[in-house]
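Trainee: I would like to go through the labels used for this model and ask what stands behind each of them.

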Amino acid sequence: MTVVGSSKNHPLYSELVSITAKERVSDNQVIISAYSKDACHLEAERPGIIVMPNNLQEVQEIVKLCARTKTPIMPAGGRSGICGACLPRVPNSVMLDMVNMKKMVSLDEKTMTVTVEAGMRWAELIHILNDKGFKLGFRGPYGGNAATIAGSVSINSMGYAASKYGPAPEGVISLEVVLPNGEIVRTGSGWNTEAQIFTRYSSFADMTGIFLGDHGTLGVKTKVTLKIYPKAEFSTYIDLGFRSLDDAMVAFEEIQRRGLTEELNCLLARESADTYFPGLLDSHPKIQATIHSVIMETDKELAERKVQIIREIGENIKGKDIGNFAAQIHWAEKFNEVQPMYNNGFWLNTCHLRPIYRLPELMERMRAIFKKYDLEKKGISWIADALAVERTYAAAWVTIFAPTRNDMELAERAWNEMLDAAMETGGCPYWSGLLWENRALEKVDDNFIQLYRTIKKAIDPDNIMAPMVFEGGY
Amino acid sequence: MTESKFPNLISYKDELWLCGRCGDCSLADKTVASGRGVDHPCAIKNVLGFEAYSAKGRVMILNDLLEGKLEINQDVVDWAHACNTCKSCQETCMATADGIHMPDMVEALRKDLIVNGFTVKKHDEIENSIINEFNPYKETQDFRLKVFGDREFPPKAEVVYFTGCTSSYREKEIAVTTVELLTKLGVDYTVLQDERCCGSVLLRLGREKTFGNLTKHNIESINRTGAKTVVTACAGCYRTWKVDVVEAGYEYDFQVLHITEFLDELITKGAASFELKEKLRVTYHDPCHLGRHSEVYEAPRRVIESIENVELVEMATNKRYAHCCGSGGGVKGTYSNLANEVAGNRIREAEETGAELLLTACPFCYRGLRDGAKYIGSDIKVLDLPTFLLDAKIGKSMMKVKDEPLKLKFMEYLVAHPMIFDGLKKGAVIDYEFEDSRFHIEVIGKREVIAKPQRAENPDVELMFSPAAVETLVTFTSEDKYAEQFGKFFKEPTDSEWIRFNLRLNIVKLLMKGYRKFAQKAGLI
């Protein structure tokens, strides 16, 4: 069914309709407008036409059509990312809106894997697995209500339970990818047609890794196989407060070294606490930094012992047990935490990775920039938060909020300086997209990027998959 | 320059800025996270597929229109009218305290489209019909009361039954059964001799010009009856009276109740009871104008649950997050197949419950769902609540009043210790639950609360207690000690003494209602 008809101007319109259906293809500018941005403010080219494939065969036919006509393709998931990764860089692209491909394909309890179609959303998969007595490792980015599995693993997303399991791609065992020539490849143990998909590494080079974080430049992911774990029935939580950021860092790092938590979230800057969690530190005037831990185990005593150890680690560094409300809410409100912060204004993020021990120098630079632009007086609020990622690095989230359109110019000036500071202090963005790409390309080692380009050229000689991504210019 | 084309939409420019385009309004499934029960909130997007039909897409398109990146054309008109304005997106949205006001924005755009000369012929006809005959169906105003046959209504009564155009001219069964029900219940009621359209359909289509005249006429007409209460069985009329008339600045002295609220009051007072001969499993569809737009969720459920031999089972989406039936916002009249597709999806949800009967409480929903069932070939029976009740054995005070001493004790304790709620703003509502007992506390003033013995219509927070935790809490004479123990039960629960809660509003809205102090007193933060 269609209400707003297609304009039928795109050269591939008729063929795309014959591959899919009239209701799932549109080049009308009203429809395309809704695909002009993701969840950040950055813009690139608008897609030339939107297609919503329903299955692998349709994706394959679309890719073959684009290969034959040398038409650019941009795959897109829930488009809730905050770096503009899903936006085409060249005109007339065919955008694949993958959200119709949302089925769980198989749950293999013997090999502890789940295979899903590319457009499955994190929240839904968690729900399905929970009902069946399982959990994922990485549980999805903070926008996991809308974010899709294939979208997240394509841009190295960070988020829930990364403290224990690492970023989104870490949980991937195998991918099904439609290559730019329309051929299909199954990675991991999927190379053996007689074998189950149960491991990522076997016999050959790790082909899965080539496509993880590729920002859609090397093919269209149609299925993802992820590791699963037994559901952990026992959860414990703790909030610790510290008189200095440095003390908090020591505890934060020690907890990670010992692998004690499912999730370790650290609120670094007291001055941003009220934006992040209003009222949290009102009763604790001397606390300058907090840590919030979530422990999940299949054994009750183990969960209780771990929280006890975390408390001891904190108290050894003059930390204070301040309850567990923030940790509980943090976990219970999974996927719903970020949205209320929009109330402060449109957000500008500097999310990136860095070793935990290098968080304080970032904070020093960020605070100086905040002061230089006198942002607080100008009504621009911020949060400075870090999420521990497996072992001893962290996703640092310094985010500022422009309350009105009129504040955007000032906020963007400060924000650009913050992005520079993040790179200059040893940060590595986890995703690239419009947000980080130019800065990353300035720093990237020539051999590194040339290797990627060699692979890209070999797989996609006509450069139809997400052209101009990783090339800069936006 | 472009903005001047949008005298109504422009007032939402700043709010459009606050949308973070997270996509919850389009794709969210929050059952896993916080028990909110959202599931792909936009019923229209669920049928039409493209992001453009969800609120997230609509925000981008509206911004493009305001910024001149899109010109108004017939495609924009078609798109603007493919929205049920059901408010499901807004209810899901957490970007602002109220959620992004997409239904209001869509209606603002519809007004601006008319300003710019882009009208829909069908809508012009509806407006002309209302201007000339005071109903949208091109029916003669003089025939409005024909639905009731020879029945005569007194000039004065305690209650006015405001019939509404759809029940008067189309879903006549609802009008007929409602008056029969009121008669059987012995209600002192009347029907207006000269009732006019409430104006709902005009407002939803972005047309306001005769709304004031309709409202003034209806208020005067009701006042002439001396009625203290107006009862309607139409969710659209109800929303108009409760929300639109008030927002437009008109005042009235009578109370307006939906038929489900009115029946709920009678049942609670012991003045009405219902019994079916045989056991029946039913499910209930929340009309958007009764639920999300007016926040009446529990009264219809209490009525249904009070009926002997009836079991109410909920659909996967219900109450605040119930999917729309597809009829609202002018969609039924403008795109009937789209409305049928949306209704068909809702029918499938009803079928999944295993219920034999789908109940609703609105003539639009009733018609839409019935058409939807037919459209997808479903056998499920659809009935409007008054029609269903008329088939039951009607009596008085048959309700079994449960003996709930702990509930009463807890309610009395909380009312006697209002300092527990110090800091909460007037209107804050907390729902309490332990075992099968449920009640709610409403803050009615500074350090003043009332306890009501049933579940709240739309609580801010739901608190769940173990009975042992309640037994302990009611022993404290000091509110501070109560709060301290309350926090302890949450932070350090045991198998027998525990507290859990669901936040039903987003954090921004909770803070605006004063919950920071409440949480701090309990040592939670």
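Mentor: Start with the terms for secondary structure: helices of at least four residues and strands of at least two are DSSP runs, numbered from the N terminus. On that basis A:Lys318 lies in the loop between helix H10 (300–316) and strand S14 (320–321) of chain A. Keep in mind that this is a predicted model.

Trainee: Why is A:Lys318 called exposed?

Mentor: The cut-off for exposed is over 50% relative accessible area. A:Lys318 has 69%, so A:Lys318 is exposed.

Trainee: Which residues form the positive surface patch with A:Lys318?

Mentor: The patch is formed by A:Arg243, A:Lys286, A:Lys318 and A:Lys320.

Trainee: What makes A:Val114 buried?

Mentor: Buried means under 20% relative accessible area. A:Val114 is at 0% and is therefore buried. A:Val114 sits in strand S6 (residues 113–117) of chain A. Its C-alpha atom is 5.5 Å from that of A:Thr225, although 111 residues separate the two along the chain.

Trainee: Why is the contact between A:Asp462 and A:Lys70 called a salt bridge?

Mentor: The limit is a side-chain nitrogen of Lys or Arg within 4 Å of a carboxyl oxygen of Asp or Glu. In this pair the closest N and O atoms are 3.8 Å apart, so the pair meets the limit of 4 Å.

Trainee: Are B:Glu195 and B:Arg144 buried or exposed?

Mentor: Both B:Glu195 and B:Arg144 are buried. They form a salt bridge with the closest N and O atoms 3.0 Å apart. The structure holds 68 salt bridges over all chains.

Trainee: What makes S2 and S4 of chain B the edge strands?

Mentor: The open sheet has 4 strands in the order S2-S1-S3-S4 (chain B), with parallel pairing. Strand S2 (189–190) and strand S4 (255–258) of chain B each pair on one side only.

Trainee: How do you know that strand S3 (residues 229–232) of chain B pairs with S4(B)?

Mentor: Pairing requires at least two bridges. These strands have 4 bridges in the parallel sense, so they count as paired. One of the partners in S4(B) is B:His258, which is bridged to B:Thr232.

Trainee: Which residues make up the covered face of strand S14 (residues 499–503) of chain B?

Mentor: The covered face has B:Ile499, B:Phe501 and B:Leu503, and the uncovered one has B:Arg500 and B:Asn502. In a regular strand, side chains alternate between the two faces of the sheet. Strand S13 (residues 461–465) of chain B pairs with S14(B) in the antiparallel sense over 5 bridges, and B:Met464 stands opposite B:Arg500.

Key
Residues are numbered from 1 along each chain as its sequence is written. Chains are lettered from A and ligands numbered from 1 in the order in which they are written. This is a predicted model: local features need pLDDT of at least 70, side-chain atom pairs count only at pLDDT 80 or more; totals for chains, interfaces and linings use all residues. Side-chain values use heavy atoms; hydrogens and water are left out. Patches are made of residues with over 30% relative accessible area and no salt bridge: like charges are joined within 9 Å, nonpolar side chains (Val, Leu, Ile, Met, Phe, Trp, Tyr) within 5 Å. Accessible areas come from the Shrake-Rupley method with a 1.4 Å probe; for residues, only the protein chains shown count as cover. Lys and Arg count as positive and Asp and Glu as negative; His and the chain ends are not counted. The place of a charge is taken as NZ of Lys, CZ of Arg, CG of Asp or CD of Glu. Buried means under 20% relative accessible area, exposed over 50%, partly exposed in between (1.4 Å probe, protein chains only).
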